[in-house]
Amino acid sequence: MSHQTDILIVGAGPAGLLAAIIATQLGLSFEIIEARDGLHPEPSAHVLKTHSMEVYRRIGIADAIFAQSTPEELQRCIVWCESLTGLCYGRLDLSGKKGLSPRFTRISPVYSANVPQNILEPLLKARLVERHGSDPVRFGHRLVNFSQDDEGVSARVQCGETTCELRARYIIGADGAGSSVRRSAGIAMDGPPALAHFLAIHIRSDAMPILARHPGVVFFVRAPGLSGFFIVHQPVGSQVFMLRIDPEIDPPEGFDEAQCREIVDRVIGCAHDYSITSVGNWVMSAQIARHYRAGRALLVGDAGHRFPPTGGLGLNTGVEDVENLMWKLNAVIRGKAGIDLLDSYEQECRPIAIRNTEQSVRNNDRMQIIETALGGDRGDTVLAETIGELRGDEAHPQFATLHAAVENQIDHFAFLELEMAARLTNGAFVPPARTVPTPVLPLEGFQPSFQPGNHVPHFWLSPGRAALDALRFDAFTLFVPAETEAAWRAAAGAIDGDYLDLDIIALDGTMRSDQASVADYWGQDPFAVLVRPDGRIGWIEPPGLADRAAALEEALGHIAGRASGPVPKERVA
Ligand SMILES: Cc1cc2nc3c(=O)[nH]c(=O)nc-3n(C[C@H](O)[C@H](O)[C@H](O)COP(=O)(O)OP(=O)(O)OC[C@H]3O[C@@H](n4cnc5c(N)ncnc54)[C@H](O)[C@@H]3O)c2cc1C
C-alpha cells in the first residue's frame, strides 16, 4: 500500500508543534492533526528551561520568546504567603538565577525564560507556517485509533460527523496525558494516576500594582480552607490560581463564578480589578509510559510522561523527547540508519523522564516542610493560630523555621543539571576510549565536557555563532582540531556507507565560552568530536588513531544501529 505521508503527528501542543517544525526542516512529509478547534487558549506551562531555549534557538524562535518573557526582576521571587498582599511566610530570592546572568552565559548562548504556554504555542505555530509555506495543522481532527502493519499505520480520524483514514509510515503521539495513540498502541502507564486534584481559575488583570509591592512569579497560598498556587504568567495579562480540591467533597463542576471570585479575592487579599476568563480542573499525577515505542508508534511529551508541575519539567521534557526522536526518524525513513536506532529513543529519553518525575515528586513532597512549619498538617485551627501569632509578631521565632524551610526549596526552582540537556547514560553513542578532561567543576549538578552522551558544551565559534548554531537536524557534525581538518575531510570522503551528511568544522583551542576554552575541554591532546544532530556527543577520537576513515565509519555505524554496510530492510520491531 502506498504511504500518504512519512509521519502522522497527533496533537498540536508544544510537543506536536515542535515535531512538525523539525519535520519540515528535515523535509519529511507529515500530517498534523489536533482535536481542538485551536491552540490552547489558557496557559499551563510557563517556565522554559535553558536547554529548551537552545532548541528554540535552533528553530529560530528564541528571540521572539525572549521578547515575550517576564522581565527578570519579576521572575526573581517565589513566595509562600497567606495571600498575595497579606502575611508573607517566606520568600525565595532567585536573584542572579534567572534571565541573562553569568550563571547561564557561562554554559549556554541562551538562558531560561518565563513565557505562558498560550503565548509560546502561537510562536511555534507561526514558525511552522513560515517554514512549511502554509498552515499544515488540521484542527478539529481527532484520532480515534490506529492499526499498524509492515509498511505503516492506518489512523481513523474523526472530523465533525465524518471519519477518514490517514496513512503514514510512522505515527507520533504528541496527544498529551490522555493519549489516544498510547491507548491504541496498548502501552500502559506506570505510577500513581492521581496525587492531587486542582481547580484552575484563570484570570486576566494588570497585576503590576500588586507585584510592584509584592514581587513574585509563583505564590504558594496557604490559609485556613485555602491551599493552592498563583502563577503570574504575565504581569499584565493572564494569571491563574490553582486551588487544591478534594473532588469527592467539592466536585470541580460545583464551583460557580461567584465562588471562584470569592476564592480569587481571598488569594489576592485586596481590592483588585480582574476578569475570570475560564475555570477548569486537572489532576496531578506522576506516571511514565512503560514504553515510548510500539512498532511504528512513538510517544513524545505528556503522552509519555505526566509529572507534578513542581519544577516546571513537563513541557521541557517533551522538548528533549522531540529533539531526540526527530533526527532518528529522519535517518530511518531515509534509509540512513536501521530501524533499531528508534529503540535508542526510549533507551535515552525514558530514564530522563524517570529522573524528572522523581525530581518533581521530591519537589512536591519537600514543600510539606512548610506546611508542617505552619501547622497546616494539624488542621485549620492550628494553622489559624500560627497565622495569628505570626501576624502579630514580626520577630516570631517560627519565622526562622519557615525561612529555613523556604530556603530548602531552592533545587525546585534553580538547578542547572535540570536546566540543561540531560546526560545520556545509555544509547546511541560510543563509550570513550580516552579519559575525558573535565576542566570545569560541577555546578548544581551540571558539568560540561566532551564526554560521549553529553550535549556538546557551549563555546563560541565566532562572535554571535555558538557551537550549537553549527548543528543541523539532518547531519552529524565532526568538530576537529584545525591542524587535522584536511586529514578528516579525506577520511570522511573515503567512507563507503550511506549515512546522514557529515559537516566538518575546524576548531581552534582558543575558542571559548565565559568559563572554558576548547583547549581546556581537549586537555593535553586535541581530539575530534562527533556530534549527533540532536547535539549529543556520539563519539570522540581515541588516542593514537591510525585509520581515521575506518574509525569514523565504525562510529557512524554504531550510532546508526548497524554495522557499516548496506542498510537492512526496515522492519517493525
Ligand atoms: C499548572 C501547570 C503548570 C505547568 N507548568 C509547567 C512549566 O512551567 N514548565 C513545563 O515544562 N511544564 C509545565 N507544565 C506541564 C505542561 O503544561 C505540559 O507538560 C505540556 O503542555 C505538555 O505538552 P504536550 O504537547 O506533550 O501535550 P499537551 O499540551 O497536552 O498537548 C496535546 C494536544 O493533543 C491534543 N489531542 C489529545 N488527544 C487527541 C486526539 N485523539 N486527536 C488529536 N489531538 C489530540 C490535545 O487537544 C492537545 O492540544 C505545567 C502543567 C500544569 C498543569
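Helix 1 (14-26), strand 8 (141-148) and helix 10 (314-333) each supply at least two residues of the shell around the ligand; helices (H or I, at least four residues) and strands (E, at least two) are DSSP runs, numbered from the N terminus. The model is predicted, with local features needing pLDDT of at least 70 and side-chain atom pairs pLDDT 80 or more, while totals for chains, interfaces and linings use all residues. Residues are numbered from 1 along each chain as its sequence is written, and side-chain values use heavy atoms, leaving out hydrogens and water.

**Around the ligand**

The ligand is surrounded by 31 residues, and the closest are E34, R36, L143, D302 and L315; a residue is near if one of its heavy atoms lies within 4 Å. By type, the shell divides into 13 nonpolar, 13 polar and 5 charged residues (Ala, Val, Leu, Ile, Met, Phe, Trp, Tyr, Cys and Pro count as nonpolar, Asp, Glu, Lys and Arg as charged, and the others, Gly among them, as polar).

| Residue and its atom | Ligand atom | Distance |
|---|---|---|
| V47, backbone N or O | oxygen | 2.9 Å |
| L143, polar backbone atom | nitrogen | 2.9 Å |
| D302, side-chain N or O | oxygen | 2.7 Å |

The protein covers 88% of the 1,000 Å² of accessible area that the ligand has on its own (Shrake-Rupley method, 1.4 Å probe).

**Helix packing**

Let us return to two elements of the shell. The axes of helix 1 and helix 10 come within 9 Å and cross at roughly 30 degrees, the axes being lines fitted to C-alpha atoms over the stretch in contact, with angles from 0 to 180 degrees between N-to-C directions. Helix 1 and helix 10 are therefore roughly parallel (angles under 35 degrees; over 145 is roughly antiparallel, 65 to 115 roughly perpendicular and the rest oblique). Their crossing is right-handed, that is, the near helix is turned clockwise from the far one by less than a right angle.

Helix 17 (residues 485-493) packs against helix 19 (residues 548-559) at about 60 degrees, with their axes 8 Å apart. That makes helix 17 oblique to helix 19, and the crossing of this pair is right-handed.

**A loop residue**

E444 is found in the loop between helix 16 (416-419) and strand 21 (460-462). Phi of E444 is near 50 degrees, a positive value in a residue other than glycine.

Note on methods:
Polar contact = N/O pair within 3.5 Å; in protein donor to acceptor, adjacent residues only side chain to side chain.
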